[in-house]
Amino acid sequence: MSTPPFQPPDPYPTQQSAGPAQPVGTQPVDARPRTSDPKAANILVTLAAGCVVALLLGVYGRLHEPTGYSVNLIGFSSGAYAKAWLATLAALLGVVQLFSARIMYSGGGAPAWVSTLHRWSGRIAVLLTVPVVVHCLYALGFEAYSPRVLVHSLLGCLFYGAFVSKMLTLTRRGLPGWMLPVLGGVLFTALIGLWLTSAVWLFDVKGLHS
Amino acid sequence: MRIRGPFITLFVVALLGGILLLVNLARTPTDSTQAAASNVAPVAAPVQAPAAGAPAAGASAAGASAAAAPKAAAPGAAAPKADAPAAAPFPANARYTGHTDGNTSAIAITVKDNKVSAYLCDGKVIEGWYKGNATDGKLNATGKGTNQLTGSLTDGKLSGTVSAGGRSWTYAAVPVSAPAGLYRAKTATGTTGWVKDSNGQVTGLSDEAGTVKPAPPLDTNTAQAVEGGD
């Protein structure tokens with residue numbers, strides 16, 4: 001396990017280029033072994049893609065003038081509640097993700113339905129968050145006027161960056177085994193953080209209803 | 001399958017996000033909210049079809065349609081109720097507070113002797129002051145630039161459209177009594193406005209020489225309670 005140190009997908013990456021041959025020299029803090037290890041480049045490409053996505057989302061959210069208006073979903077008292085319930089569903093599916101992943105990594109092999117459950121609960125969870133994030137980015141933007149809002153904005157960028165990195169990790173061979181669980185952990189943590197700073201906050205401040 | 005699946009997932013997520021963004025873009029220019037709402041239905045429907053159809057090759061079709069389903073319902077959701085028949089006249093002195101669709105901004109409207117003062121504020125960047133007249137249960141007010149406020153009274157409740165900074169929203173407001181209402185404080189350099197709703201929630205902003213800043217806490221003893229044409 002001569003793996004490089006863990007690098008969570010930083011929403012503000014200092015290097016956006018996808019892993020050149022020698023990514024080491026530019027980063028003095030990086031104790032990566034100086035080998036032409038294709039694995040290192042592979043890791044960098046995967047994480048850098050996530051970083052770029054996170055950065056782009058943040059930049060868009062910051063630069064796009066919030067409209068304060070977005071398409072609403074029927075059956076809810078307001079767009080905020082529609083988002084809160086979608087996020088709550090996504091968070092519940094996130095918990096399913098956590099436990100199904102736990103079984104898959106428990107060793108001894110998990111039954112096939114567990115991986116199917118993991119795959120589909122994840123897909124549905126992310127799809128549920130899409131209307132939410134579109135509303136966030138389009139109507140509200142990346143804001144920092146309170147700690148809650150800043151944390152929420154940062155986690156939102158982190159979540160989709162980690163999602164992209166994790167999807168890419170699944171498609172690439174020869175990546176170290178820790179990447180998938182670490183990215184999954186980042187995703188879950190970000191999702192729960194997002195949920196706590198939005199839906200739970202809303203339910204707390206304005207009451208639990210639809 | 002193992003290798004292709006995540007790409008399909010990424011693609012479907014990006015596609016759904018893009019479609020929702022386009023639907024939003026199509027809906028946003030709302031000089032008349034009603035016109036926009038009726039425009040959207042035909043726009044959204046054809047956009048819908050490829051969303052569910054495209055990933056049919058992959059296993060993600062069910063996921064896409066699951067997420068698309070609530071979206072299909074979206075266009076009809078914000079149907080504004082305007083132009084109530086036979087509106088009752090405004091009370092001689094009335095205060096209304098409410099919020100825009102999506103609850104992004106608070107609004108306070110005061111009517112006294114057919115004169116209207118109103119304030120729209122999201123507590124962050126959007127604010128607008130409006131002055132105008134109210135007759136026969138309809139109000140019309142204007143603000144800086146093209147900012148405009150219209151409203152009509154239905155069963156004692158006020159609803160209509162409000163615009164600020166080139167954007168417009170529908171809103172709904174209910175009659176309230178003091179200390180809820182519209183408050184204003186003027187200094188040599190700026191004006192602060194607050195909307196205090198019937199739950200006691202306060203939304204405000206300060207305009208200091210053209211720069212919008214967070215409002216200080218509302219002190220209802222020192223701030224002016226705005227009524228009608230004040």
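1. The model is predicted: local features need pLDDT of at least 70, side-chain atom pairs count only at pLDDT 80 or more, and totals for chains, interfaces and linings use all residues. Residues are numbered from 1 along each chain as its sequence is written, while chains are lettered from A and ligands numbered from 1 in the order in which they are written.

2. Chain B holds three helices and 13 strands. These are DSSP runs, numbered from the N terminus: helices are H or I with at least four residues, strands E with at least two. Of the 230 residues in chain B, 42% are buried. Buried means that 20 or more other C-beta atoms, placed from the backbone, lie within 10 Å of the residue's own.

3. Strand β7 of chain B spans residues 157-164. Seven of its eight residues are buried, so the strand is largely enclosed by the rest of the structure.

4. On one side, β7(B) pairs with β6(B), residues 148-154. Pairing requires at least two DSSP bridges between the strands. Here there are six, and the strands run antiparallel. S152(B) has S159(B) as its bridge partner in β7(B). The two strands form a hairpin with two residues between them. In that turn, D155(B) has a positive phi of about 50°.

5. β7(B) also pairs with β8(B), residues 167-176. Seven bridges join them in the antiparallel sense. L158(B) stands opposite A173(B) in β8(B). This hairpin, too, has two residues between its strands. G165(B) in the turn has a positive phi of about 60°.

Definitions and conventions
A residue is buried if 20 or more other C-beta atoms lie within 10 Å of its own, exposed if 12 or fewer, and partly exposed in between; C-beta atoms are placed from the backbone.
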